[in-house]
Amino acid sequence: MPVVQFDWLDPSTWKALCEYDFPGGETFSAVYLMEPLVAESWVPMNAFIDYAQQDHRVSRFVLVAGSSADPSRPGMGQVWQHLLDLGSITVCCDRVENLAEEGPATLIREQGKNYTACGEGKIPFVSGIDIAAVTFHALTSPASPNCDYRVLGPELLTYDEVASKLTAALRRPVKHVCLSGEERYQALVHAGCSDYYARFLVNLETAAATGFETRMNATVEEVIGRPPRTLELFASEHRSVWYAD
């Protein structure tokens with residue numbers, strides 16, 4: 001599949017993306033935005049949004065941000081506010097797939113443990129499949145929805161409850177180990193995370209511990225016509241991820 005080099009921090013790469021020669025003569029008209037893991041990521045993101053709109057008449061932008069994002073907050077909130085000014089779309093979420101990514105999956109597989117600074121905070125974990133379905137709708141619907149979708153799962157769960165559900169799915173003990181913010185930060189840095197990304201994750205988790213993520217809605221069903229996928233279903237489909245060879 002043909003690819004085009006793109007670098008958020010190198011504006012000279014932006015033109016080739018926006019002027020890509022599609023085989024069917026289609027034009028570059030919608031952009032799916034995900035935060036690059038760099039300091040002050042909103043600066044190049046907003047600059048690219050302005051470039052794509054002003055120089056290439058791109059009319060639709062879909063930003064995927066964490067469920068803690070808000071136009072009033074620093075970080076992705078600054079991109080979100082920029083998109084609000086343009087009348088575009090934001091999709092907010094907290095993926096259940098994080099449990100199957102390399103770091104958490106290795107710890108669950110090898111130690112039967114998952115470490116967070118989330119405490120007893122409840123989180124509406126949502127499947128990446130549901131996020132993709134809502135995002136696809138936002139990108140491709142004939143008329144732009146021009147709204148913000150907060151994509152949430154079917155129930156609020158603490159990480160202790162997540163551990164219980166994984167225990168049932170794997171038929172072996174899985175424990176949630178609750179750390180302080182500083183303990184979590186040090187563990188992430190020790191595991192190889194950058195200072196910026198470690199602080200970013202810790203800030204999300206300590207906010208969740210205060211109840212910041214405690215919210216529910218019916219966005220998934222309203223947009224794609226079915227209920228969001230459950231953690232039990234996700235766990236049953238991904239059991240092999242958490243088993244040692």
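These legends describe close-up views of a predicted model.

**View 1. Ser141 in the loop between α5 and β5.** The loop joins α5 (128-140) to β5 (148-150). Ser141 is buried, because its relative accessibility of 11% falls under the 20% cut-off. Its side chain reaches the backbone oxygen of Ala143 at 2.9 Å. Ser141 also touches Arg60 and Phe136, leaving aside residues up to four places away in sequence.

**View 2. The aromatic pair Phe6 and Phe48.** Nine aromatic pairs are found in a search of the whole structure. Phe6 and Phe48 form an edge-to-face pair. Their centres lie 5.3 Å apart, with 75 degrees between the planes. This pair links distant parts of the chain, 42 residues apart. Phe6 sits in the segment before α1 (14-18), and Phe48 in helix α2 (residues 42-56). Phe6 is partly exposed at 28% relative accessible area, whereas Phe48 is buried at 1%.

**View 3. The aromatic pair Trp14 and Phe48.** Trp14 and Phe48 also pair edge-to-face, at 5.4 Å centre to centre and 85 degrees between the planes. Trp14 belongs to helix α1 and Phe48 to helix α2, so the pair links parts of the chain 34 residues apart. Trp14 is buried, with a relative accessible area of 5%.

**View 4. One aromatic cluster of Phe6, Trp8, Trp14, Phe48 and Tyr51.** Phe48 is a member of this cluster.

**View 5. Arginine charges over aromatic rings.** The charged end of Arg199 sits over the Tyr185 ring, 3.6 Å from the ring centre. Arg215 places its charged end over the ring of Phe212, at 5.3 Å from the centre.

Conventions: Residues numbered from 1 in each chain as written. Predicted model: local features only at pLDDT ≥ 70, side-chain atom pairs only at ≥ 80, totals over all residues. Heavy atoms only, no water. Helix = DSSP H or I, 4+ residues; strand = E, 2+ residues; numbered from the N terminus. Buried < 20%, exposed > 50% of the residue type's maximum accessible area, 1.4 Å probe, protein only. Polar contact = N/O pair within 3.5 Å; in protein donor to acceptor, adjacent residues only side chain to side chain. Contact = heavy atoms within 4.5 Å. Phe/Tyr/Trp six-rings, centres within 6.5 Å; stacked < 30°, edge-to-face > 60°. Lys NZ or Arg CZ within 6 Å of the ring centre and 35° of its normal.
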